[in-house]
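Please take me through the reading of a protein model, one feature at a time.

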Amino acid sequence: MNHHLLLSIFSIIISAALSAQNNIELGMNYSPKENFSMATGIPNMLYKFGVYGEYRWALGEHFDAGARLDAKVGPIGPSSFTDNALAVSGDLLAVADFNLLPGKTVNPFIGLGLGPGFGMHNDTLDHLWSGQFLFYAEARAGIELFRHLRLSVSYSLPAWWSYGEIYTTLNANIGWQF
């Protein structure tokens with residue numbers, strides 16, 4: 001009987017310690033007008049809005065690792081087929097951050113992410129959706145304020161072989177960490 005009580009208390013303590021090391025972040029991002037061009041020379045994105053969720057584990061005092069699920073939508077610039085085409089993209093990235101001042105009120109960080117994703121658009125002659133699988137790489141830098149508010153800038157780039165120039169974004173992110 002004492003072994004079960006001791007095991008239960010030990011499990012509660014370990015669970016509390018591990019949960020204190022984990023962070024969940026929910027946020028949204030905005031990609032302003034970009035200067036990338038399609039083959040026709042027309043700027044491809046006017047803007048994109050997105051939402052994301054991220055789960056991170058502390059791997060020490062300065063390092064975090066986790067997973068990020070991100071989805072974005074926005075119009076494609078005017079083209080020869082349609083004036084109201086949309087692009088939708090999403091990704092699931094493995095992320096890692098280096099925190100410069102962990103535990104402080106102001107904590108700058110830099111990070112990287114890699115993982116699979118998808119992209120779809122309806123900029124086709126028949127206005128049907130066309131899509132493809134992508135592999136994303138992302139670099140980010142930001143600041144965490146008061147251990148909860150995270151402001152960052154990230155550059156999300158599909159792999160060069162995927163022809164995903166309309167899914168390349170420079171994002172301004174704002175998130176809240178729980």
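Predicted model: local features only at pLDDT ≥ 70, side-chain atom pairs only at ≥ 80, totals over all residues.

Q: How many helices and strands does the chain hold, and in what order do the elements run?
A: The chain has 1 helix and 8 strands. Read from the N terminus, the order is α-β-β-β-β-β-β-β-β.

Q: What share of the contacts joins residues at least 24 apart in sequence?
A: Of the contacts between residues at least 6 apart in sequence, 56% link residues at least 24 apart.

Q: Which residues line the largest cavity?
A: The lining is formed by Glu-25, Tyr-52, Glu-54, Arg-68, Phe-109, Arg-140, Arg-150, Ser-152 and Asn-173. Strand 2 (48-58) and strand 7 (149-158) are the elements that each give two or more residues to this lining. By residue class, the lining of the largest cavity comprises 5 charged, 2 polar and 2 nonpolar residues.

Q: Which residues make up the largest nonpolar core?
A: The largest nonpolar core consists of 9 residues, namely Ile-76, Ala-85, Ala-87, Leu-93, Val-95, Leu-134, Tyr-136, Ile-166 and Tyr-167. Two or more residues of this core come from strand 4 (86-99) and likewise from strand 6 (130-145). Strand 4 gives the largest share, 3 residues.

Q: Where is Trp-129 found, and which residues is it in contact with beyond its sequence neighbours?
A: Trp-129 is found in the loop between strand 5 (106-121) and strand 6. Leaving aside neighbours within four places in sequence, Trp-129 is in contact with Leu-86, Val-88, Met-120, His-121 and Asn-122. The C-alpha atoms of Trp-129 and Ala-87 are 9.2 Å apart, although 42 residues separate the two in sequence.

Q: Why does Trp-129 count as partly exposed?
A: Trp-129 counts as partly exposed because its relative accessibility is 45%, and this class lies between the buried limit of 20% and the exposed limit of 50%.

Q: What is the phi value of Phe-146, and what is that of Arg-147?
A: Phi is near 60° for Phe-146, a positive value in a residue other than glycine. For Arg-147, also a residue other than glycine, phi is positive as well, near 65°. Phe-146 is found in the loop between strand 6 and strand 7, and Arg-147 is found in that loop too.

Q: Why does Phe-146 count as exposed, and what is the class of Arg-147?
A: Phe-146 counts as exposed because its relative accessibility is 60%, and the exposed class begins over 50%. Arg-147 has a relative accessible area of 48% and is therefore partly exposed.

Q: Which residues does Val-106 touch, and where is Val-106 found?
A: Val-106 is found in strand 5. Not counting residues up to four places away in sequence, Val-106 touches Leu-101, Ile-143, Glu-144 and Leu-145. Val-106 and Glu-144 are 38 residues apart in sequence, with their C-alpha atoms 5.9 Å apart in space. With a relative accessible area of 38%, Val-106 is partly exposed.

Definitions and conventions:
Residues numbered from 1 in each chain as written. Heavy atoms only, no water. Helix = DSSP H or I, 4+ residues; strand = E, 2+ residues; numbered from the N terminus. Contact = heavy atoms within 4.5 Å. 1 Å grid on protein atoms, 1.4 Å probe; cavity = no way out; pocket = protein on both sides within 12 Å on 5 of 7 lines; lining within 4 Å. Nonpolar A, V, L, I, M, F, W, Y, C, P; charged D, E, K, R; others polar. Core = buried A, V, L, I, M, F, W, Y, C linked by side-chain atoms within 4.5 Å. Buried < 20%, exposed > 50% of the residue type's maximum accessible area, 1.4 Å probe, protein only.
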